[in-house]
Amino acid sequence: MTLFSKRDALKIMGGAALAGPLVNMQSAFAARESELNILCWEGYNSAQVLDPFRSSKSANVKAESLTNDPTMINRLRAGETKVWDLINVNNPWARKIMHPEGLIKPLPKDEFEPFFAKMLPQFKAPYRWAMSDDGKDLLGMAQRFGPYSFVVNTNKVSRKTAEEQGWDLFNDPSIKGKYGILESDDWNVFDMFLIAGINPFKTHDEKEMEKFTETSKRIFGGAKLVGDIAAMNQALVSGEIDMHLTGGTYSVSPARADGHPELRAVTPLKGPIDGKGGTAWIEITSTVNNPNLSPLALEFLKYVQDPKVAHTVAFAEGTFNPVAQMGTKACFDLFTKEELDAIQYDSLEEEMSRCAEYDIVPDYDKALEILTAAKRAK
Amino acid sequence: MSELTLPHAEERPTGTRLEARSTPAARKKVSRGLLSSLPVLVVLLLGFLAPLATVAAYAFATPRTFDVFRSFTLINFETIFDPANTVWMSFAWSLGFAAATVVVLAIVAYPIAWGLARVFGRWAGFVSVLFVFPLFVSENVRLYGWTLFFIKNGVLDGTLKLLGGAGPEVLYTPGITLFGMVYVYLPFMLFPMVLGLAMVPKELVEAARDLGASRLMIWREVELPLAMPGIMIGMLLTFVLAVGAVAESKILGGQSVIVATHDIEIAFTYAQNWPLGSALALILTIIVGALSLIALTKLDLDRILGRR
């Protein structure tokens, strides 16, 4: 029979008290096996997309949705690479910013490259925006995309007129007070350059910056309102405005799905980006350079390639968008006629062909300062 | 009388007590007190002062970097105070809107507060709930509701059109932003004001009336000074909250003006410039803090209460 003295009992209790938190710490590390944190645009954070994954993997999945790329990138730069497992941003950031800065890590090529074969033709491997600059590493997976220029109420401005006039539509003094501006300031920088007839995706000289300044002041000065997607669609439907920039399938699809087919995203026929006037975005989802990356990150990337899940992503709450996975019949067939109409599938291919792809503006900082000052002076 | 009592007071064992306080045993007692408050102090330091200190430190970091506590520069402030920078406009709008909100609310809330304190009687509780209830609904939802009310072909315009008229074009203007702020911050002015008015003894009002004071005189000489502590707290609370308001100018005002907090938001988001955003936030904090302190010093509550 073993006899414990009071002192022995206290020793054991003390030891247990000290070891307790350590045991918890270990389990906290182990918990990453069933934990996934996603930093994304809205849609991927919806219950429709996440719940089936949560239940099938018994995983604790958290997703935070933001509505601009620069904020997400800065969160990683500020040290949140330890927090997130996946980051979902627009095309140039992975290849041109996040990979060179060591914020993301490449995907196993042999596992993920075959998925590109099942995507729409323009995404065939090696897909430029999913690859590193030297073309060696696969940096992420493509899914949602869309043209993003401006939106018109076709009862007020015909699609033909809008496409033919392109960005010059906003240079017409008669539309003063009849248009809105979406509060996506990074995209608005592109648009002010485009309205000024300048390619945004290059370094600009003093004369071009002067023109950009004048255009920004004039366009913001003439806008009826600046606001979010809900405010733009509300103002379009009510008749407060006839058109708005920046806009596209992404912003107008909820209103179209809600019974307003007269509202339409327009891509100009021509423009100053090597002849192209439209800009398109393609989301790339990458694994964060997290020192303790959850193994579920790769699982989730595979999960969203499934035709059914891809369709859910396309029509998740918030906005509705085409997805690269529509390249397979199994996925395409899941889209109803109404859904295809909401995302303007009828003109998607030709509009994408008239678009340059979203890129980094080398003198963005200076341009944004000018644009913000123009907003203040509105 | 005081001459007589003072020596007595000195005779009391006060000196002994003071001596006792300085004994090592007493010091130990004080340190125990400090020790007991340590958890709260740590929470306050970590939860309240540390974030403020971090923002302050970021304000002196190299622009567009995260070199907080590792770099020191005044360049963010130079950028803000550069004569070519128009960011002062945002500060002017924020402070102007806040001041206007306080003035409008003081006028609007006073009669309601007077009613709650004096007139509504047993209905006062119910009326108070009506004013509190909107606070349970998200501010953004309430503001979008007002947008639907004022928008073209919306509730107001649509109804007036049915009657052969048309609604006023008030959306997306600075005026509607002010309306939104007055609407959102009404409870924050109202309830301190009710407390202030409830502090006015009815007997004093009746005495003033018995002595022949007019209604205006009673209000000016009795009611207002005695209710002033509550009114001042309401004004200060409303001002501080309104300076930080951004949703009203975004949702109702259609960003017809950019307020200071919106500029801070742009710096932290699209501009990827946390140090600049922190410098702007620090300046706004200092301005609001200084104005609040000046207001509290100038409008001394004790003097208002007639205690000096």
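Here are a few questions and answers about a predicted model with chains A and B.

Q: How far apart are the centres of domain 1 and domain 2 of chain A?
A: Let's start with how chain A is divided: domain 1 takes in 31–144 + 283–337, and domain 2 takes in 146–279 + 358–376. Going by C-alpha atoms, the distance between the two centres in chain A is 28 Å.

Q: Which helix gives the most to the side of domain 1 of chain A that touches domain 2 of chain A?
A: This contact draws on eleven residues from domain 1 of chain A and twelve residues from domain 2 of chain A. On the domain 1 side, helix H3 (69–77) and helix H4 (91–98) of chain A each bring at least two residues. The top giver, with three residues, is H4(A).

Q: Which element supplies the largest share of the side of chain A that touches chain B?
A: Chain A puts 25 residues into this contact, and chain B puts in 21. Elements of chain A that give two or more residues include H3, helix H7 (185–195) and helix H16 (364–376). With five residues, the largest share comes from H16(A).

Q: How many charged residues are on the side of chain A that touches chain B?
A: Sort that side of chain A by class, and you get eight nonpolar and eight polar residues. The charged count there is nine.

Q: What percentage of residues 91–295 of chain B is helix?
A: An unreviewed UniProt entry annotates this stretch of chain B as "domain: ABC transmembrane type-1". Its end C-alpha atoms lie 19 Å apart, and strand makes up 0% of the span. Helix accounts for 77%.

Key: Residues are numbered from 1 along each chain as its sequence is written. Chains are lettered from A and ligands numbered from 1 in the order in which they are written. This is a predicted model: local features need pLDDT of at least 70, side-chain atom pairs count only at pLDDT 80 or more; totals for chains, interfaces and linings use all residues. UniProt positions are given in the numbering used here, feature names are shortened, and annotations may be inferred rather than shown by experiment. Helices (H or I, at least four residues) and strands (E, at least two) are DSSP runs, numbered from the N terminus. Domain bounds come from an automatic or database domain assignment. Two residues are in contact if their C-beta atoms, placed from the backbone, lie within 7 Å. Ala, Val, Leu, Ile, Met, Phe, Trp, Tyr, Cys and Pro count as nonpolar, Asp, Glu, Lys and Arg as charged, and the others, Gly among them, as polar.
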